[in-house]
Amino acid sequence: MRSAYAQIPPVPRLLWHLLGPAIGTAVITAAGIALESSDGLPAPVVSPPVLELTSVIEILAIVAATVWPLILAWQRPVGAAVLQAVAAVVLVLVSSIASGGLAGPAVALALAVGFRTAHRARAQALATWPRTPQPSLDDAARRAIDHGTKPARRPAIFARVLGAGFIILGLVWTGVDMARVHAFRSDPATVTTTGTVLELFDDDLYATLDVDGTPLTVEILGAPPGIGAELPVRANIARDRAELLGTPFDPAGALFWCGIGAALLVALRLRARDGHALATAARGPGAACTLVHNDDATWVEAPDGRVIAEVENLTLLTDPATPDDIDLESDPVIAAMIAEAEDLQARHESLSERARELSNDELTELWKAEARLGEIENDLANALDPRLAALVADGARTAVVLHSVPVMSEVVLRAPDALLLGTLRAPSRSLTAASVVNGRDDHSGDRNGRSLGPLATAARWFADHDALPMLAVHAAAAVLMWWLLDEPGNGWWETLRPAVFPLLLVHVTWLVQPAAGVRRTHLVFRELLRVQPVPWREITEITAHDGTVIVRTRSGGEDDAFVLGADPSLPIPSIAGCRTAEETAARLQAAWAAGRVLAPPAPRWLPSMPLLLACAWVALLGASVLA
């Protein structure tokens, strides 16, 4: 039995399929820019054609090398990489990019072949599984399979309309540009003359020329000229238009939208074809296995107990002809959660009315009630259908039949009372080792032994240093941003486009800050926009109680209390460098003993670090516009 089930090899996530074409596109673009920058000014000609065959070939090759691979790589990585390689060869032949641009498609093709090999090995492994008899499906099950394996109707319609709109936009835009260029070049008022360069802008892609006393803007396709240089131009003062002699008409920018639209339509067609193949496979024989859920992980086991694959994004396939709304009250687990939330809300309100008089036990109860209410609210917002909830409950084991097709990571799982759709992945090392060493039921220790991921580890490091290293990150980002924006002619739009990066940095700074900070003369409690300093001399008691730290204060004859949580499993502690409630209390008590004899700070509140950094970024971006 063990030899009948081959191990599923690792299959890269779909996001990695985009890596190869992205590298190829970047290298092709860089090769085109390098070639264009090395060229001199175009040689004067009498009247270049509006559009010729080589221009059409170049436009098609640009679209095939940049747009199509990025969209088609999700489903056909090898085809997308081959298309990009062929287009890059064409661009080299028509002298649009340097020959070094072929390195990008070569890397993309190598990666895509690796992805295809992984998919083929996965299909071969699935083919070794023993097959079940032909299933007997009723009409409702067939409708559920067809509905669940095809793209969602509204997004598909929107994508089709968007693709058709892009194609129409590109064609209309190209037609209008061609008509304008033809009218400009055939107008008797268009004359050949010389213009003096007054200024360069937009990274030297455009220049303002003085043509017979009138400033006109022209596009620079070659090496940027110097200020004061004399350039041969074709100009029409009445039309307020000019172009350098030898400038060909380039409708690539307009036809680029046609390429995006066509790629969207082709990608939708491929997705629909793959979904139809999966639906057809789900009506035939499948592989018998067991679906297991434990410790926030779902996997598939062979009859001998080995973990053969993990399952992600598990959803329930429902018949579109019947309503699939979840009746929360009918599920006993959901009903119990609602009843618990009502009891907690009533208890929370009664405790909040006398918050200044609560004991340590009651303060901890109030704090835990708030946390539990947030958890219940999140669970109710993500409530599962009772049939799916029973399959993914801790320790659940369900006999299922698996149906798949080679080109898709999605699989259909047929349970006794439900049809499921999920994404099959290679099993992690922890699950594989647990199934071999401990047997099929012992996976409960994975969560406790699991280390923090790289992002959580980095967040904990910043939090342990009270988020102060984020100041260095902001400073480095500010220098980089100023260097990028320090260009003449930059307006508000050019400045606001990269402003999302500083906004993200400010948000991350708020996330990695501990809830409280220890200072020499006071303790600060942080909020998003401000911090509240509490002098040590106003603190009357610091106690570790039931996994929390309670800080009691007395100011102006009124008592108050603050509760700090302490969970060692969370990456962001309440106090920098402290993990447990006892460590946090000891740190606060030591600072309290040393600081209560010192003079407290004068202000009762101060602006928070994220607010100050946001103001600094606004000032920097404003200065880059006004400079």
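User: In which strand is Thr 208 found, and is Thr 208 buried or exposed?
Analyst: This is a predicted model, in which local features need pLDDT of at least 70 and side-chain atom pairs count only at pLDDT 80 or more, while totals for chains, interfaces and linings use all residues. Residues are numbered from 1 along each chain as its sequence is written, and side-chain values use heavy atoms, with hydrogens and water left out. Thr 208 lies in strand β2 (residues 206-211), strands being DSSP runs of E with at least two residues and helices runs of H or I with at least four, numbered from the N terminus. Because its relative accessible area is 12%, and buried means under 20%, exposed over 50% and partly exposed in between (1.4 Å probe, protein chains only), Thr 208 is buried.

User: Which residues does Thr 208 touch, not counting residues up to four places away in sequence?
Analyst: Contact here means heavy atoms within 4.5 Å. With residues up to four places away in sequence not counted, the residues that Thr 208 touches are Thr 196, Val 197, Leu 198, Glu 199, Phe 201, Pro 215, Leu 216 and Thr 217.

User: Is Asp 274 buried or exposed, and with which residues is Asp 274 in contact?
Analyst: Asp 274 has its place in helix α8 (residues 252-282). Its relative accessibility is 5%, so Asp 274 counts as buried. Leaving aside neighbours within four places in sequence, the contacts of Asp 274 are Gln 75, Arg 76, Val 407 and Met 408.

User: At what angle do α3 and α4 pack, and are they roughly parallel or antiparallel?
Analyst: Helix α3 (residues 53-72) and helix α4 (residues 77-93) have axes 8 Å apart and pack at an angle of about 155 degrees. Axes are lines fitted to C-alpha atoms, for helices over the stretch in contact, and angles run from 0 to 180 degrees between N-to-C directions. Angles under 35 degrees count as roughly parallel, over 145 as roughly antiparallel, 65 to 115 as roughly perpendicular and the rest as oblique. The two helices α3 and α4 are therefore roughly antiparallel.

User: How many nonpolar residues does the contact of α3 with α4 have?
Analyst: Residues of α3 including Ile 57, Trp 68 and Leu 72 meet residues of α4, among them Pro 77, Leu 83 and Leu 91. By class, the contact of α3 with α4 has one charged residue, one polar residue and 14 nonpolar residues.

User: Are α17 and α19 roughly parallel or antiparallel?
Analyst: Helix α17 (residues 500-511) and helix α19 (residues 609-626) pack at an angle of about 165 degrees, with axes 9 Å apart. The contact is made by residues including Leu 505 and Trp 510 of α17 and Leu 613 and Trp 617 of α19. The helices α17 and α19 are therefore roughly antiparallel.

User: How many helices and strands does the protein have?
Analyst: Of the 627 residues of the protein, 41% count as buried. The elements of the protein are 19 helices and 18 strands.

Key. Nonpolar A, V, L, I, M, F, W, Y, C, P; charged D, E, K, R; others polar.
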